[in-house]
Amino acid sequence: MKKRKARAKPASGNRRGARHPRAIWKGAVSFGLVYIPVHLHTAARDSSLDLDLLDSRDFSPVGYQRYNKRTGKVVDWEKIVKGYEYKPGQYVALTDEDFRQANVEASQTIDIVSFIERASIPPEYFEMPYFLEPTEGGEKTYALLREAMRGSSRVAIGSFVIRGRQHFCAIFAHERALMLNTLRFAEELVPAAGLELPPAGANAAKVSRAEIAMARRLVEEMSSEWRPEAFKDSYRRDLMRRINEKVRKRQTHVLTPVEEPAEERPSAEVIDLMAVLRRSLEAGGKPRARRKAA
């Protein structure tokens, strides 16, 4: 078997000999007349527990089957294609090639159309982070865009197609890598109209100026530097502890009955808001310690 020639990958930072992650999209970034061939890699992982569905009568796994709704027979994955119902019961079959040919350029290119201030993008638009990695021959143009953006407060805005769906995105320099964050389209965001929200303004919401002033003091007291590593998925750890406890006690098939909570949640209606704010300030802004599960 012919060995593939190893090459340096400046953006990935992988150790030599480490397994290279599989790209989920291959194409190029178009930057004016500059063309940067890249691979797209996910920059986030799902930390949720992989749980199976069980039949509570005998605790056997419950499976899902893809079946033909006309014949009732199971259909193998390789026989399944996507289709658009253009009228009741009538479909247009679509393959991956149809998605590509719908707009070949959009499906192969991230076209940068402008550079804007990163702070001008509202947080609700951000969707999912990815890494961009240069492919062979693209290292120089990749580094060019990265260095041009390094230290800048601007991000590149573009659009591309992946998995049969168009996204627009923000690209920015992050250490040695270019990162891409997919963004939601404005039409995908749901407005707050219709929600029962308190009226704007201190007087309308029946909040006094003194209460607002003290609340702002509490905000200042609780302010700190951004340290994401300080936040851990503690619930996943607690759930694993609960699972291991049931295994240790041989209660693997025991359905735990519902218990009443040991203590009530604090009421949303506060009689003396100033007193609560004052106590919060005296405690240094620290929340009340939670009871540990028995």
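Start by selecting Trp25 and Phe160: both residues are buried. Keep in mind as you click around that this is a predicted model.

Now colour by sequence position: Trp25 belongs to strand E1 (residues 25-31) and Phe160 to strand E7 (residues 154-162), so the pair links parts of the chain 135 residues apart.

Next, select Phe31 and Phe115. Here is another edge-to-face pair, at 5.8 Å centre to centre and 75° between the planes. Phe31 is in strand E1 and Phe115 in strand E5 (residues 109-117), 84 residues apart. The structure has 3 aromatic pairs in total.

Now pick Arg118 and Phe172. Arg118 lies over the face of the Phe172 ring, 4.1 Å from the ring centre.

Switch to a surface view and select Leu51, Ile243 and Val247. Together they make a nonpolar surface patch of about 260 Å². Leu51 sits in the loop between strand E2 (34-42) and strand E3 (82-87), and it is exposed, at 58% relative accessible area.

Finally, zoom out to the whole chain. You'll find 6 helices and 9 strands. Of the 294 residues, 20% count as buried. The chain exposes about 24500 Å², with carbon and sulfur atoms supplying 53% of that.

Methods. Residues numbered from 1 in each chain as written. Predicted model: local features only at pLDDT ≥ 70, side-chain atom pairs only at ≥ 80, totals over all residues. Heavy atoms only, no water. Patch = residues over 30% accessible without salt bridge, like charges linked within 9 Å, V, L, I, M, F, W, Y side chains within 5 Å. Areas by Shrake-Rupley, 256 points an atom, 1.4 Å probe, with all protein chains shown as cover. Salt bridge = Lys/Arg side-chain N within 4 Å of Asp/Glu carboxyl O. Helix = DSSP H or I, 4+ residues; strand = E, 2+ residues; numbered from the N terminus. Buried < 20%, exposed > 50% of the residue type's maximum accessible area, 1.4 Å probe, protein only. Phe/Tyr/Trp six-rings, centres within 6.5 Å; stacked < 30°, edge-to-face > 60°. Lys NZ or Arg CZ within 6 Å of the ring centre and 35° of its normal.
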